[in-house]
Amino acid sequence: MVLTPVSGADVEQLRSFLRDSDLTLAGLDDESVRLWVERDADGMVVGSTGYECSADGRDVLVRSVAVAAGRRSAGAGTRLARFALDRAADDGAERAWLFSRRSGPFWQGLGFVSAARQALVAALPETQQVRLFLTTGQLDREVAWTRPLDRGLPGAPAQH
């Protein structure tokens, strides 16, 4: 798996990919959002992952973890999620959060547990996704998840 950081020129292709995956598109071009993509031999995006940091860098909001339909069930989603968790831990984050209404069992397999939406909002109020969900009223329909970024949990990032 070769992941490359998303640059300005990649945003529209990533936006299309995430739209097909029914994921949030807000703030993809914001400098606070760290994103990576995996491409196939033809240069098409077949996977993505990323996160947004809290102002103090202690918390991250995992987002944009997606795998092209034909590549699912082969562990790609787990590798993409772990990549984002690993980078966040490398950046000094201590806790990861995310929203997911449909993929709870996947995230639980990576050590996430259900969390209060308001706890997520309190930890990450300035993130693009939180601000969007508060503005649109979507927050009330979301399911929040969290886990510490220590090395002892299932799916924890490997030490370097």
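This is a predicted model: local features need pLDDT of at least 70, side-chain atom pairs count only at pLDDT 80 or more; totals for chains, interfaces and linings use all residues.
Biologist: In what order do the seven strands of the open sheet lie, and which are the edge strands?

Modeller: Strands of a sheet pair through backbone hydrogen bonds, either parallel or antiparallel. In this model the pairing is mixed, and the seven strands form an open sheet in the order β1-β2-β3-β4-β5-β7-β6. Each edge strand pairs on one side only, and the edge strands are β1 (3–5) and β6 (113–115).

Biologist: How many bridges join β3 to β4, and which residue stands opposite G47?

Modeller: The strands β3 and β4 run antiparallel, and six bridges join them. Across this pair, the residue in β4 that stands opposite G47 is V67.

Biologist: At what angle to β3 does each of the helices α1 and α2 run?

Modeller: Helix α1 (residues 11–20) packs on the sheet, where it touches β2 (33–39), β3 and β4, and its direction makes about 100 degrees with that of β3. Helix α2 lies across β1, β2, β3, β4, β5 (95–99) and β7 (144–148), and its angle to β3 is about 30 degrees.

Biologist: What length does α2 reach from its first C-alpha to its last?

Modeller: Helix α2 covers residues 76–90, which is 15 residues. At 1.5 Å a residue a span of 21 Å is expected, and the helix comes close to this, reaching 21 Å.

Biologist: Which residue with a positive phi follows α2, and which residues in α2 are buried?

Modeller: Within α2 the buried residues include A76, G77, L80 and A81, and also F83, A84, L85, D86, A88 and A89. After the helix comes a residue whose phi is positive, near 100 degrees, and that residue is G92.

Biologist: Is R58 buried, partly exposed or exposed, and which residues does it contact beyond its sequence neighbours?

Modeller: R58 is found in the loop between β3 (45–53) and β4 (59–67). Its relative accessibility is 45%, and because this lies between the limits of 20% and 50%, R58 counts as partly exposed. Leaving aside neighbours within four places in sequence, R58 is in contact with A93, E94 and R95.

Biologist: Is Q138 buried or exposed, and which residues are in contact with it?

Modeller: Q138 lies in the loop between α5 (128–136) and β7. Its relative accessibility is 18%, and because buried means under 20%, Q138 counts as buried. When neighbours within four places in sequence are left aside, the residues in contact with Q138 are R101 and F133.

Key
Residues are numbered from 1 along each chain as its sequence is written. Side-chain values use heavy atoms; hydrogens and water are left out. Helices (H or I, at least four residues) and strands (E, at least two) are DSSP runs, numbered from the N terminus. Buried means under 20% relative accessible area, exposed over 50%, partly exposed in between (1.4 Å probe, protein chains only). Contact means heavy atoms within 4.5 Å. The expected span of a helix is 1.5 Å times one less than its number of residues. Two strands pair if DSSP finds at least two bridges between them. Axes are lines fitted to C-alpha atoms, for helices over the stretch in contact, and angles run from 0 to 180 degrees between N-to-C directions.
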